[in-house]
Amino acid sequence: MRPVTSKLPQTGTTIFTVMSALAAEVGAINLSQGFPDYDCSPHLVHLVNEAMKNGHNQYAPMAGVMQLREQIAYKTEKLYGAKYNPETEITITAGGTQAIFTAISAVIHPNDEVIIFEPAYDCYAPAIKLMGGVVKSLELEPPNYRIAWDMVKRLISNRTKMIILNSPHNPTATILHKEDIDKLSAIVKDQDILILSDEVYEHLIYDGETHHSMARYPELQKRSLIVASFGKLCHATGWKIGYCLAPDWLTQEFRKIHQFIVFSVNTPMQYAIAEYIKNEDVYLDLPQVFQQKRDHFRNGIEQTRFKLLPCHGSYFQSVTYSDITDEKDAEFTIRLAKEFGVASIPTSAFYNKGIDNHILRFCFAKRQETLDNAVDRLMRV
Ligand code: GLN
């Protein structure tokens with residue numbers, strides 16, 4: 001047979017899969033891919049069991065189990081003051097990544113331009129390219145990775161269809177501030193520019209900071225597809241359940257694609273999560289739980305030769321290792337896993353041009369014992 005022409009000739013296997021596999025192979029503590037190494041709530045598992053025993057084992061409605069959509073509407077209004085109609089504006093997805101892919105494929109046509117900020121989570125650019133869209137990336141500078149909005153303004157053309165935002169940010173752990181929101185609002189006002197807002201770490205925000213969801217700001221909300229994740233909320237990334245909030249006209253287009261990618265998402269988990277999040281503490285307590293892990297890990301890293309970058313949210317702590325070696329991050333991360341037994345993610349993986357600032361990303365969504373063992377190993381570097 002003749003080989004197929006690759007649709008993504010420059011794309012390899014995602015760095016998360018590569019590094020988790022390496023960690024398993026060499027027996028390294030896996031602080032690379034972002035997932036907890038402790039279990040989700042036994043009560044939540046019990047609720048899934050109950051849903052299964054109660055016969056919720058067939059297809060869920062295409063847009064998701066209504067009880068769950070209603071709980072999401074309640075939570076979104078309570079936290080961000082925005083009303084979303086569960087019938088027409090909330091769709092349950094098979095995780096954040098599927099929601100992001102679906103959102104991009106629903107609205108991006110060939111030659112449409114999409115602005116992304118690099119380092120960028122790795123699933124944005126391939127989805128844009130697959131739709132024939134053009135990626136316009138703006139590179140942000142460590143350590144603070146603030147968005148220079150005057151540069152964004154310059155990137156905008158009459159082809160700009162979408163801006164992709166991600167706060168709290170993966171991999172840099174930065175967050176959007178009110179000034180960012182004001183500048184963004186001024187830029188998109190009176191323009192036909194959509195926003196895809198990746199808010200999967202909405203509940204993982206520290207030091208009493210506010211999560212500036214697009215849902216809080218009517219000018220932004222009306223043009224936004226907002227993606228959220230129950231994997232993070234429930235400490236169950238393997239369940240692959242998330243959702244997309246969008247005004248009805250956008251949700252209509254979103255669902256046209258969603259129905260043919262996954263049709264619907266597994267039913268018993270949806271019933272269980274709908275029940276679980278009736279207790280608001282399960283998400284309101286998350287900042288405190290993760291801030292404690294962040295602080296513990298940062299205190300540990302301070303005893304090593306790695307230098308901390310700021311961390312305002314997400315599962316991740318970035319560090320520079322410029323004082324240790326001038327190896328490339330993609331090489332050093334492998335050596336760190338093999339020789340010292342700690343797996344991380346090289347930040348260059350999040351740049352189209354592979355920009356290397358000698359920064360690694362560690363995931364601290366781990367048991368204290370795991371973090372302590374990792375720090376012990378990093379102290380030897
Ligand atoms: N979001 C996770 C991370 O950044 C990875 C998820 C995945 O592997 N697709 O580590």
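I began with aspartate 207, which sits in the loop between strand E6 (194-198) and helix H8 (218-221). The model is predicted, so I kept that in mind throughout. Phi of aspartate 207 came out near 60°, a positive value in a residue other than glycine. I noted this since most residues other than glycine have a negative phi. Aspartate 207 is partly exposed, at 44% relative accessible area.

Next I went to the loop between strand E5 (160-166) and helix H7 (178-188), where I found proline 168. Serine 167 and proline 168 are joined by a cis peptide bond, with omega about -15°. Proline 171 lies in the E5-H7 loop as well, and a cis bond links it to asparagine 170, with omega about 15°. Most peptide bonds are trans. Alanine 173 is also in that loop, and its phi is positive, near 65°. Is alanine 173 buried or exposed? I got 0% relative accessibility, so alanine 173 counts as buried.

Last, I checked helix H13 (residues 286-301): its 16 residues at 1.5 Å each should span 22 Å, and the end C-alpha atoms are 22 Å apart, so the two agree. Which residues of H13 are buried? I listed Leu286, Phe290, Lys293, Arg294, Phe297, Gly300 and Ile301. Looking down the axis of H13, I saw these buried residues fall within an arc of 125°, so they line one face of the helix. The spacing makes sense to me, because in an α-helix residues three or four places apart point the same way. Among the elements covering the buried residues of H13 are helix H9 (230-233), strand E10 (316-320) and helix H15 (368-379).

Definitions and conventions
Residues numbered from 1 in each chain as written. Predicted model: local features only at pLDDT ≥ 70, side-chain atom pairs only at ≥ 80, totals over all residues. Heavy atoms only, no water. Helix = DSSP H or I, 4+ residues; strand = E, 2+ residues; numbered from the N terminus. Expected span 1.5 Å × (residues − 1). Buried < 20%, exposed > 50% of the residue type's maximum accessible area, 1.4 Å probe, protein only. Arc of directions from axis to C-beta. Contact = heavy atoms within 4.5 Å.
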